[in-house]
Amino acid sequence: METTAYDDCWLRYEPVQSSARRSTYRTLCSHVFTSTAGPEFGVIRDELHTGLTGLLGREPHLWMHPPRSTDGFLAVGRRERMAVVRAGVDKHEIEALHAEGFIIRSVEWEGTDCLVITGATNAGMVYGTFHLLRLLATGEPIDELDIVEEPKNDTRTINHWDNPFRRSVERGYAGSSIFDWAQLPALRDRYRVYARMLAAVGINGIVLNNVNTQTPSRPGENPAIADMAGWQLLDSSQLPKVAALASVFRRYGIKIYLSVNFAAPVLMGELDTADPLADEVVQWWSETFDAVYDHVPDFGGVLVKADSEGQPGPHDYNRTHAAGANLLGRALAPHGGRVFWRAFVYGSHDDRAVQAYNTFAGLNGAFHENVTLQIKNGPIDFQPREPVSTLFGALSETNIACELQITQEYTGQGVHLCYLVPQWKEIFETDTHANGERTSVAELLAHGDQNGVAGVGNIGADPNWTGHYLAQANCYGFGRLVWNPDLEIESITEEWITQTFSDDPAVVETVASILHDSWPAVLDYMTGHLGLLHMMYNGNDVVENHYDPAPGEWPAYHGADDDGIGVDRTDYAEQYPEPLAEQYLSVDDCPTELLLFFHHLPWEYEYEGTTIIQRLYDNCTAGVETVRSMRDRWASLADDIDRKRHRHVAERLDEQLVEAKQWRDTLIAFFDEYADIPAQTQHSDESEP
Ligand code: GCW
């Protein structure tokens, strides 16, 4: 058993402070009648017991039958099994409801005021339960409820980049992997708590292991461990472990997926080819998946990184990505499994932006029906800001998923606060003009039950799960926004703060202001906020650094030279349909925040009343001032937040300020070196201790 205590994140269930609210909540929720028809109802009863005990200050009574002579009660179950649900919910409503949707409604039954939670599936009722608990935790009225909720995206997954046997996490900044393959199938309570956290925000799938299923060994590493890699999870010795994890997550409506290696038939020592058109390869995958389903009957499917950054793929056999993906798709189809095939491919660093489109757009319509192309939000690689990938609008006949990064590889990792919900909202709202019409990324993704959104996770074995306490907001916000991309950023932020810290309006407002300022600040000091990117250090380690400032290392990404700065990405802009292509190609119409992504401009190019170079200087300087103000605002909350969490965040913000200055100074010196135009800026460093 684990002995480390870990944080409750957004499931703290602190006592409701307002006595009027508490009294209504107690009337309706002190007595709970739930169905027992299915393991999910164990989850529902447990969560209601934990949540209501915390929120209402006393344990609820859990009934097996409708309670009599109470002032009110909460009922959770299927319509066909419960008269109280039938009293308020029509059969057709359930028939029309999304499989994971739910209804929460105030109902009068036999003279008693009741609240019912129902849905078409048990998973829907798990979501409904968490939704109700969130209403209570955020102080919402519940006396006249009529809520019908359905997820907008069908697949909502977390991709773990966990290296199972090393227990390391690629791009993880919150300690080692939470999954302990050496001890599995022995289970840990932490898995269950993780499942609760995810179900509370609507996640319905997790990929257990890194898309890099083979990674080179590192100096000093125990060879016995280094030789073991993610591709071995398909081995029969590992499947009972996968099954054990599935047994925990399934009750929360979360399916298990694995990243697999395209060359597994060879790596496992059984065949001498992985050619997708070879009969023995087809048979191998079919038998391998049969064995997986023997252990995990509801296994979700696989995620594949192929022909990318050293991982094998169909190109090794002169076959297309479609041939490779369809091989796996056909083998999984009899079991209802799915293939998420990643579009992150590039052959060189020179013109990386155009490569994914060039590889995949021509394959539109060529994929098997259970194959989904998983596309990173932008064409480069999870930079602080990128335009959306041209692929989203180019795949009308292909299932698509958007891959976002919750972990902060290029946005300050475990130290810098960078609240990413506004970035994701911008991506979802971007109009792709696919098929000549207004069509946002969110609309394209929501269209079709094989589409979805994946987030590269930011949790690890750290007691606070995400390394930086405030980075919990990114995990929370990802789930909420992916469930419903129409949610307002501010409401996601506020509900997270209220559940995590306090419902005191002054605290909510201050923490929200800090979160909302954080991404623009990072954009200012790490990029100059005109569309530049990838000025982070790479280094020679197997896993590149991507953290420290090193703008001189990869000039091709940002285009700095003696004449100017930015990259002429005409080729990339032309991959967009009109009017987007025209807009991006015009210096005057290109959005300011993407200007130097698409254009190489002279240092002294006059832009909006100033010059490009001066604007870069100003933005880099302003970013540091914002971080300083974020730090000071956080300091003002010392009496409102428990010392442990307050101090942790205060320390991180101190460190962020030091590093933001380093970013500012490095970028300004770098620009000046080329432009030979000294910076005219003022900052407040003098006042720093
Ligand atoms: O840019 C790279 C990251 C790698 C990652 C890769 C990918 C998992 O630096 O760490 O590998 O993207 O998304 O496949």
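Where in the structure does Arg 631 lie? Arg 631 sits in helix H22, which covers residues 612-635.

Before I go on, some ground rules. This is a predicted model, so to speak of local features we need pLDDT of at least 70, and side-chain atom pairs count only at pLDDT 80 or more, while totals for chains, interfaces and linings use all residues. Residues are numbered from 1 along each chain as its sequence is written, and side-chain values use heavy atoms, with hydrogens and water left out.

Okay, back to Arg 631. Is Arg 631 buried or exposed? Arg 631 counts as buried because its relative accessible area is 19%, and buried means under 20%, exposed means over 50%, and partly exposed is in between (1.4 Å probe, protein chains only). Skipping neighbours within four places in sequence, Arg 631 is in contact with Leu 653, Asp 654, Leu 657 and Glu 688. Contact here means heavy atoms within 4.5 Å.

Now the ligand. How many residues surround the ligand? There are 15, and the closest are Glu 170, Lys 305, Lys 376, Asp 381 and Glu 409. To be near a molecule or strand, a residue needs one of its heavy atoms within 4 Å of it. Sorted by class, that shell has 8 charged, 4 nonpolar and 3 polar residues. In this sorting Asp, Glu, Lys and Arg are charged; Ala, Val, Leu, Ile, Met, Phe, Trp, Tyr, Cys and Pro are nonpolar; and the others, Gly among them, are polar.

Let's look at some atom pairs there. Glu 170 has a polar side-chain atom 2.5 Å from an oxygen atom of the ligand. For Lys 376, a side-chain N or O atom is 2.6 Å from a ligand oxygen, and for Asn 212 a side-chain N or O atom is 3.1 Å from a ligand oxygen. By itself the ligand exposes 340 Å², and the protein buries 96% of that. Those accessible areas come from the Shrake-Rupley method with a 1.4 Å probe, and for residues only the protein chains shown count as cover.

Next, salt bridges. Side chains of opposite charge can pair when their charged atoms come close. Our rule asks for a side-chain nitrogen of Lys or Arg within 4 Å of a carboxyl oxygen of Asp or Glu. How many salt bridges does the count come to? The count is 34 salt bridges.

Here are a few of them. Asp 180 and Arg 188 meet at 2.7 Å, N to O. Asp 180 is buried at 7% relative accessible area, while Arg 188 is partly exposed at 22%. Then take Asp 431 and Arg 438, whose salt bridge is 3.1 Å, N to O. Asp 431 is buried at 11%, but Arg 438 is exposed at 68%. In the pair Asp 642 and Arg 645, the closest N and O atoms are 2.8 Å apart. There Asp 642 is partly exposed at 33%, and Arg 645 is buried at 4%. Salt bridges can also share partners: Glu 625, Arg 628, Arg 664, Asp 665 and Asp 685 are joined into one network that way.

On to His 160. You'll find His 160 in the loop between strand E7 (155-159) and strand E8 (162-163). Why does His 160 count as buried? Because its relative accessibility is 3%.

Ser 106 is in strand E4, residues 102-109, and is partly exposed at 27%. A polar atom of the Ser 106 side chain lies 2.6 Å from the backbone nitrogen of Leu 145, and one lies 3.2 Å from the backbone oxygen of Asp 143.

Last stop: Gln 680, in the segment after helix H23 (643-675). Gln 680 is exposed, at 62% relative accessibility. Gln 680 and Asp 618 are 62 residues apart in sequence, yet 8.3 Å apart in space, C-alpha to C-alpha.

Notes
Polar contact = N/O pair within 3.5 Å; in protein donor to acceptor, adjacent residues only side chain to side chain. Helix = DSSP H or I, 4+ residues; strand = E, 2+ residues; numbered from the N terminus.
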